[in-house]
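Subject: Structure handover

Hello,

Here is the structure you were waiting for. My notes follow below it.

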Amino acid sequence: MIILLLFVPLFIVALIKTLLTPKKLKNLDKKHVVVTGGSSGIGKHAAILAARKGANVTIIARNSDRLAAAKKEIEAACIGKDQLISAVSVDVSNRKAISNELDSIEDKVGPIYMLINCAGMAICGNVEDFTDKDINTLINANYLGCLYPIQNVVPKFKQRKEGIIVLTGSQVSLMGMYGYSIYSSCKFALRGLAESIHMELKPYNVFVTLSLPPDTDTPGFETENKTKPQETILISQAGGLYQADTVAEKLLQDALAGNFFSYVGFDSYVLTTLCVGMSPFTNLLEVMIQSVILGPLRLMAAYYTNSFEKIVHKCYLEKEKNK
Ligand SMILES: NC(=O)c1ccc[n+]([C@@H]2O[C@H](COP(=O)([O-])OP(=O)(O)OC[C@H]3O[C@@H](n4cnc5c(N)ncnc54)[C@H](OP(=O)(O)O)[C@@H]3O)[C@@H](O)[C@H]2O)c1
């Protein structure tokens, strides 16, 4: 009863505060936005959207031909004649090389205001089948390739007392899934990285967003599908497939609003709410709603976990039968 008496007024105050003070999106006009993985998929769409907001955009990836093609698309999205669009070919997991390239692009284009880490890739399979090469590729692209660019920009952001950092995780940053043992471990690591630097950088007016894309129709997703075990395909079907521009738009909007998590769709909302734990928050109303719905959501999650395990068991029985 006492809890209810405290909760209701607090809820009303939080509601009024949220309604009266809508979040102001940060402005990207003439700001320098760097997008790793900007030559394809979600990263390319994030770069296009940043160009549409008047930003000077630098995209980073390895393949020069794809970079050149993406650069043209981004240039076509510019709203002003003086916007600078650049493409840099470098492996984000090469610490020295990425750091040198980020320093040199700042000299040419200007101070980086926003770093969107989108470079990454998935390889699926059963845990015992991953080779050293696959494991290193996954850790390098998904974890170190995000950490190294962050390490380069953080001292500058701290000095300037402004900046935005986006890390692109995945729904499997929050839940393990059949076939994703190594990829998911890397994406879980990004959550730890994002939460830690969020706390470190908040006093410096530097914002951190962890994007959690669902299955998204991109060239990378097509490649990933070639390695998916049957179990992973069947479990993933429940979530549907989103378009890269939808995911990129939400990523940009959340980052510019200063939100910590960026997710798309109802399933992702449920998953993020379930796994919210000690994550940072920006909105008291959201915390109040989460504290009420977490219990029932746990029941819903148990239902899904059970149905996923049933799929895995059914596949196991079929494999045993066909032996
Ligand atoms: N698509 C999905 O369903 C989905 C779901 C959840 C999370 N995500 C995450 O979202 C991000 C973008 O995925 P996407 O589907 O848009 O992939 P994508 O279409 O394959 O694009 C990946 C980009 O990253 C670049 N890249 C990869 N490794 C790199 C490296 N070592 N150094 C520099 N650049 C590198 C690629 O270019 P180069 O190969 O030329 O270097 C490309 O520009 C990834 O982190 C992915 O894990 C995707």
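Is Lys30 buried or exposed? Lys30 is exposed, at a relative accessible area of 56%. The cut-offs are these: buried means under 20% relative accessible area, exposed means over 50%, and partly exposed is in between, with a 1.4 Å probe and protein chains only.

Two points on the source before the rest. This is a predicted model, so local features need pLDDT of at least 70 and side-chain atom pairs count only at pLDDT 80 or more, while totals for chains, interfaces and linings use all residues. Residues are numbered from 1 along each chain as its sequence is written, and side-chain values use heavy atoms, with hydrogens and water left out.

**Two lysines in loops**

Lys30 sits in the loop between α1 (2-20) and β1 (32-36). Helices (H or I, at least four residues) and strands (E, at least two) are DSSP runs, numbered from the N terminus. The phi of Lys30 is positive, near 65 degrees, and Lys30 is not a glycine. Lys161 also has a positive phi without being a glycine, at about 60 degrees. Its loop runs between α5 (132-160) and β5 (163-168). Lys161 is partly exposed, with 47% relative accessible area.

**The ligand**

The shell around the ligand has 30 residues. A residue counts as near if one of its heavy atoms lies within 4 Å of the molecule. Ser39, Ser40, Arg62, Tyr183 and Thr218 come nearest. By class, the shell has 12 nonpolar, 13 polar and 5 charged residues. Here Ala, Val, Leu, Ile, Met, Phe, Trp, Tyr, Cys and Pro are nonpolar, Asp, Glu, Lys and Arg are charged, and the others, Gly among them, are polar.

- Ser40: a side-chain N or O atom is 2.6 Å from a ligand oxygen.
- Asn63: a polar backbone atom is 2.9 Å from a ligand oxygen.
- Cys118: a polar backbone atom is 3.2 Å from a ligand oxygen.

The protein buries 93% of the 890 Å² that the ligand exposes when taken alone. These areas come from the Shrake-Rupley method with a 1.4 Å probe. Helices α2 (41-52), α6 (181-201) and α7 (219-225) each give two or more residues to the shell. The largest share, 3 residues, comes from α7.

Ile197 is in helix α6. Ile197 is buried, at 7% relative accessible area. Its C-alpha atom is 7.4 Å from that of Val208, 11 residues apart along the chain.

Thr216 is in strand β7 (residues 216-217). Thr216 is buried too, with 4% relative accessibility. A polar atom of the Thr216 side chain lies 2.7 Å from the backbone oxygen of Pro214.

**The second largest pocket**

Which residues lie nearest the centre of the second largest pocket? They are Phe261, Tyr263, Thr282, Glu286 and Gln290, out of 21 lining residues. Helices α9 (244-257), α10 (266-274) and α11 (284-321) each give two or more residues to that lining. By class, the lining has 9 nonpolar, 9 polar and 3 charged residues.

Best wishes

Technical notes: On a 1 Å grid over the protein atoms alone, a cavity is a set of points where a 1.4 Å probe fits but cannot get out, and a pocket is an open set with protein on both sides within 12 Å along at least five of seven lines; lining residues have an atom within 4 Å of a point. A polar contact is a pair of N or O atoms within 3.5 Å; within protein, one must be able to donate a hydrogen and the other to accept it, and residues adjacent in sequence count only if both atoms are side-chain atoms.
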